[in-house]
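The structure comes first, and the notes follow by topic.

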Amino acid sequence: MTPPHFITTQDWGIDEIRVLIDRARSLRESPVQHLLKNRTIALVFFNPSLRTRASFEVGAFQLGAHAVVLEPGKGAWEMAFNDGEVMDGEAEEHVREGARVLSEYCDLIAVRRFPLFADWSIDRQDHVIKAFARHASVPVINMETITHPCQELAHAMALGDRLGDLRGKKYVLTWTYHPKPLNTAVANSAAMIATRMGMDVTLLCPDERYALDERYMNTAQKNAQASGGSFTMSHDIDSAYDGAHAVYAKSWGSLAFYGDWEREKPVRDANKHFIVDETKMARTSDAVFGHCLPARRNVKATDAVFDSPRSMVIEEAANRLHVQKALMATLLGAQGEIR
Ligand code: CP
């Protein structure tokens, strides 16, 4: 994995992350800067998107670059990833060629590939983005796999804009109900970046079966030790919300039932009361409310919470544009020129 990649924020130093966010703020002030004139980026989407696709395409345009969008299995060949694979299924292309060919055309490759939701022991290896990084000769950007590092940058930027110094601020990452089991990526990412920023982080979820993968629980603990923050898991809604400065909502499927979603469904259905509402927010210290979007209104949070002046969901989504421009420019060595 030789070129500088952006697979996880944990590969980047905290000072490097802060510089990215500072550059994003500069780009927000002066959005059109042709730092990447005539450069190209491949955006490879194995899954749908609104924000990620639009913000990368617009961001590339504003930097003077061109984005090529590819959707394997839908206009681009289905792709195989395993070494030694006998490709007698649907895939016509192997990542060994796909990543190398895209590297011939493009200066960056960004990839979105969600887990397959059948076997967490396989999904947790994050092998698709790692295969791209291994075979590409240009930097690879994670547009969401089992983590969502671009969202982390946008989230940290929004939190900083609203709350200033984040150290010691109480942050609640709350599980919420959703009719389908969703990816743990944003929850993993939120736990990592909030602890990185020195916040006192509470992971609020119905019970231990909704704990994150031990890799991310342990990383959050280590981050907190290094930053002077804290990381704890709680199943008590009232005490988790008490005095909070930030509430971040996300739904995810229980790893304890991974791939056995019919068995998980009654557990999930019994916890609809985790919805973020005005009563819970009233316990906080006038907390900001965040969500990565898309979000189901009145399922994850009430209209009143989404429409409150303390909601920063639109700012965070807007920041995706700014942080990804800073990231693209930095990965291609144009960072010194940002005004
Ligand atoms: N938050 C986010 O990544 O949005 P999209 O899925 O619409 O890209």
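Val44 stands opposite Leu70 of strand β2. The pair belongs to β1 (residues 40–45) and β2, two parallel strands joined by five bridges. Strands (E, at least two residues) and helices (H or I, at least four) are DSSP runs, numbered from the N terminus. The model is predicted, with local features requiring pLDDT of at least 70 and side-chain atom pairs counted only at pLDDT 80 or more, while totals for chains, interfaces and linings use all residues. Residues are numbered from 1 along each chain as its sequence is written, and side-chain values use heavy atoms, leaving out hydrogens and water.

**Four-stranded sheet**

- β1 and β2 are part of an open, parallel sheet of four strands in the order β2-β1-β5-β6; two strands count as paired if DSSP finds at least two bridges between them.
- β2 (66–70) and β6 (140–142) are the edge strands and have a single partner each, so one side of each lacks a neighbour in the sheet.
- From one strand to the next, the twist averages 20°; angles run from 0 to 180 degrees between N-to-C directions, and axes are lines fitted to C-alpha atoms, for helices over the stretch in contact.
- Helix α2 (residues 51–62) packs on this sheet and touches β1, β2, β5 (108–112) and β6, where contact means heavy atoms within 4.5 Å.
- The direction of α2 makes about 175° with that of β1.

**Five-stranded sheet**

- An open sheet of five strands runs in the order β9-β8-β7-β10-β11, and its pairing is parallel.
- β9 (230–234) and β11 are the edge strands here, each pairing on one side only.
- The average twist between one strand and the next is 20° in this sheet.
- β7 and β8 (residues 200–204) run parallel and are joined by five bridges; Thr174 has Leu204 in β8 as its bridge partner.

**Domains**

- The chain is divided into domain 1 (9–147 + 320–331) and domain 2 (150–316), with bounds taken from an automatic or database domain assignment.
- The C-alpha centres of the two domains lie 25 Å apart, and 33 residues of domain 1 are in contact with 35 residues of domain 2.
- About 2800 Å² is buried between domain 1 and domain 2, with carbon and sulfur atoms giving 56% of that area; buried area is the accessible area (1.4 Å probe) that two parts lose on being put together, summed over both.
- On the domain 1 side, Gln10, Phe117 and Trp120 lose the most area to domain 2, together 25% of what that side buries.

**Helix pair α6 and α13**

- The axes of α6 (residues 149–163) and α13 (residues 313–331) come within 8 Å and cross at roughly 120°.
- The crossing of α6 past α13 is right-handed, a term for the near helix being turned clockwise from the far one by less than a right angle (anticlockwise is left-handed).
- Residues of α6 that meet α13 include Cys150, Leu153, Met157 and Arg162; on the α13 side, Glu315, His322, Val323 and Leu327 are among them.
- By class, this contact has seven nonpolar, five polar and five charged residues; Ala, Val, Leu, Ile, Met, Phe, Trp, Tyr, Cys and Pro count as nonpolar, Asp, Glu, Lys and Arg as charged, and the others, Gly among them, as polar.

**Loops and backbone**

- Leu293 and Pro294 are joined by a cis peptide bond with omega of about 5°; Pro294 lies in the loop between β11 (288–290) and α12 (303–306).
- Glu144 is not a glycine but has a positive phi of about 120°, and is placed in the loop between β6 and α6.
- Lys169 lies in the loop between α6 and β7 (170–175).
- Lys169 is 75 residues from Ala244 in sequence and 7.5 Å from Ala244 in space, C-alpha to C-alpha.
- Apart from neighbours within four places in sequence, Lys169 is in contact with Leu163, Met199, Asp200 and His245.
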